[in-house]
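Please keep the sequence and the structure in view while reading.

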Amino acid sequence: MKKRVLALLMVCTMAATLIAGCGSSSSSSTESTEAEESAAETEEAEESADASEETEIVEIAEPITLKLATAKSPGAVIYETTVYVAEQLEERSGGMITCEVYASGSLLKDSDMQDGIADGIADLGFCGIGFMSGSIPEIGAVALMGVYSDEETYWETMESEGGIYDYLEEKSIEKLGLRILNWIDIGGTNCFMYIGDPIHELEDLDGVRVRVPNTTLASAVEAMGGVPVTMETADTYTAMQSGLVDAVWVGVGSAVANGFQELVTSVTDMCFGYNDSEGIIVSETTYQSWPEDVRNLVDEVCADGYQFSKDYMENYKEEVLTKLATEYDNIEEVYSMTEDELAPLQELIAENQLETFKSDCGEDVYNEVMDIIAKFE
């Protein structure tokens, strides 16, 4: 770029000299000097701009290696966020932090993540926090479907000071000794992928065996007449191949990242929530053992990782549904339920979700969460 600018200036200078023809040598010399000065100024401005775009390096006193684990595979937003965080930690530390990424459950599956992080098998876990609901049932508040009045209210309830995220981060440290460093936006659970005809109404779900990742979604499937089968993401593809399950109900981030699109014959867009409980966790013992400079950088990069996931998911739903409709011959139809079709399901699910949540948490915890939700409605 700099050479092209300088060359252009030299051409302009030569042209000016030829046009001047009989002009004095002092005039030519002046023009040449001005051109050189202009070129120098341009080069300085570009160097300054380049410098401002360079990553600011945070001084880390001692080198450290961190293991980052996720059960997700390339293409899934959680996997992409894991890679982003790893790259940013290495780059912003000037190489003083080295990150080893273990993906696709190669080190820890989601169901192993809680104990694996606590035991130090990995330092950072990028995972479905819903698997921690056995120990922290309150965590189901993130994924309650049909409960929040609209998407704007949902995010305000999650992200505001004194909101659901703050509440759950405190509970996680208190009950499990695990710090939720930040969250990951994976979108709502909206892609119902089925080896069968598209779902248009409640009766179409009767008896359908649906793989689900947790009890919250299992209760929703059961309320709609389906048969929930709880299992790991990593085991689901073979379960569908063998006929153990007929369908999966997943977010768009998982719709094309796990191979399900190769097996199903229909996809129905049916969404009653806005996000699921996915995040970045670390053992509080591990976190406190890091030097302050490492803790601060990890906090900063994980916050940026949350924003990365939100940016990644923007318009992603439409892109995935289009891809499913146009690139896979085995998928006969991609159907989006209308508001009128969703309404009876949403009412049914909202009632079911609150009943299940209250049963899982107990009345005191249930009331605490409802009080937080009420502040932002």
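This is a predicted model: local features need pLDDT of at least 70, side-chain atom pairs count only at pLDDT 80 or more; totals for chains, interfaces and linings use all residues.

Beyond its neighbours within four places in sequence, Arg209 is in contact with Val227, Val229, Gly243, Leu244, Val245, Asp246 and Ala247. Arg209 itself belongs to strand E6, which covers residues 209-212. Val221 stands 12 residues from Arg209 in sequence, and their C-alpha atoms are 9.1 Å apart in space.

**Pockets**

| Pocket | Volume | Lining residues |
|---|---|---|
| Largest pocket | about 560 Å³ | 25 residues |
| Second largest pocket | about 160 Å³ | 13 residues |

Around the centre of the largest pocket, the nearest lining residues are Glu151, Gly187, Gly188, Tyr274 and Lys317. Three helices each supply at least two residues of the lining of this pocket: H5 (151-159), H11 (292-313) and H12 (316-327). Helix H12 provides the largest share, with 3 residues. Sorted by class, the lining of the largest pocket holds 11 nonpolar, 8 polar and 6 charged residues.

In the second largest pocket, Ala71, Ser73, Thr233, Ala234 and Asn258 are the lining residues nearest the centre. Helix H8, residues 233-242, gives the most to the lining of the second largest pocket, namely 3 residues. The classes in the lining of the second largest pocket are 4 nonpolar, 5 polar and 4 charged residues.

Most residues other than glycine have a negative phi. Which value does phi take at Ser104? Phi of Ser104 is positive, near 55°, although the residue is not glycine. Ser104 is placed in the loop between strand E2 (97-102) and helix H4 (110-118). With a relative accessibility of 40%, Ser104 counts as partly exposed.

Asn315 also has a positive phi, near 65°, in a residue other than glycine. The loop that holds Asn315 runs between H11 and H12, and both of these helices supply residues to the lining of the largest pocket.

Definitions and conventions:
Residues are numbered from 1 along each chain as its sequence is written. Side-chain values use heavy atoms; hydrogens and water are left out. On a 1 Å grid over the protein atoms alone, a cavity is a set of points where a 1.4 Å probe fits but cannot get out, and a pocket is an open set with protein on both sides within 12 Å along at least five of seven lines; lining residues have an atom within 4 Å of a point. Grid points are joined across faces, edges and corners, and a volume is the space filled by probe spheres set on the points. Helices (H or I, at least four residues) and strands (E, at least two) are DSSP runs, numbered from the N terminus. Ala, Val, Leu, Ile, Met, Phe, Trp, Tyr, Cys and Pro count as nonpolar, Asp, Glu, Lys and Arg as charged, and the others, Gly among them, as polar. Buried means under 20% relative accessible area, exposed over 50%, partly exposed in between (1.4 Å probe, protein chains only). Contact means heavy atoms within 4.5 Å.
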